[in-house]
Amino acid sequence: MTQPARTLDASGLACPMPIVRTRQAIEDLASGDILEVISTDRGSLTDIPSWADTLGHTLVDARQEGERFVYLIKKG
Amino acid sequence: MSASSEERTTIVAWSGDLDRVWPQLILATTAAAYGMTTTVFFTFWGLFTLKRPEVKVTGSDWKTKGLGVMNRQGLTKLNMAGLGPLLMKKVAAEHKVAPPSELIETAQELGVRLWPCSMTMDLMGLTPADLIDGVGEPVGAATALAEMQRSAINLFI
């Protein structure tokens, strides 16, 4: 089940906002829910995996679509 | 309040220059996004970040005057107190970074504790009413140090 329960479009936001908004967006989800995050910040390539890992969430998928990085994070 | 030291970050914000205010607030909000109990202790020129923009430092003794003079010298380094909010937003947009005012708001949303240094307030002749809403009670160095002792990550910026 990789259908996102919610999509966060953090396009155009610079560090630290993608992580901050991701944190706020995932709070309302239930464990096991998928959050889709879209970012144009290159720093998110390392920040999102590190953040998810530290907090016990699972990065299900990370892909690049042109200028955008799209992540699927399963809430732990 | 029962977080272990691994879950605490304390930042001593000592400078009011934009090139330091940014890392102070970016690291504070990021620590909070990691779920850490995060505290920023605003001391000396760092306290200018918490001052209401319309409040002027009007202390009359030599110490306060000294701080004011040194603050003016900071203008060339994009000092917070020297730049108007509009110019600040412009500079922030050029760097594609959120302006300090937005980062402060975000920090507050995330529960970052913003502690003004009581000694610096005395030095500048500021009262809690001169500071922006939502900041903590003024604290002394001992309170800040006690929090640093409990924190795994301590930064002086």
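Predicted model: local features only at pLDDT ≥ 70, side-chain atom pairs only at ≥ 80, totals over all residues.
Let us start where the two chains meet. Chain A brings 14 residues to the contact and chain B brings 15 residues. The size of an interface is often given as the accessible area lost when the parts come together. Here chain A and chain B bury about 1,100 Å² between them, and 64% of that area lies on carbon and sulfur atoms.

Polar links also cross this interface. There are 5 residue pairs in polar contact, with both partners at pLDDT 80 or more, and 1 salt bridge. That salt bridge joins the side chains of Arg21(A) and Glu109(B), with 3.5 Å from N to O. On the side of chain A that touches chain B, the elements giving two or more residues are α1 (17–27) and α2 (44–54). The largest share, 6 residues, comes from α1(A). Sorted by class, this side of chain A has 8 nonpolar, 3 polar and 3 charged residues.

Now turn to the aromatic rings. Over all chains, the count is 3 aromatic pairs. In one of them, Trp14(B) and Trp45(B) have ring centres 5.7 Å apart and planes at 85 degrees, over the 60 degrees required, so the pair is edge-to-face. The two residues are 31 residues apart: Trp14(B) sits in the loop between β1 (8–13) and α1 (18–33) of chain B, and Trp45(B) in the loop between β2 (37–42) and α2 (62–73) of chain B.

Together with Phe44(B) and Phe156(B), Trp14(B) and Trp45(B) form one aromatic cluster.

Conventions: Residues numbered from 1 in each chain as written. Chains lettered and ligands numbered in written order. Heavy atoms only, no water. Phe/Tyr/Trp six-rings, centres within 6.5 Å; stacked < 30°, edge-to-face > 60°. Helix = DSSP H or I, 4+ residues; strand = E, 2+ residues; numbered from the N terminus. Contact = heavy atoms within 4.5 Å. Buried area = accessible area lost by both parts, 1.4 Å probe. Salt bridge = Lys/Arg side-chain N within 4 Å of Asp/Glu carboxyl O. Polar contact = N/O pair within 3.5 Å; in protein donor to acceptor, adjacent residues only side chain to side chain. Nonpolar A, V, L, I, M, F, W, Y, C, P; charged D, E, K, R; others polar.
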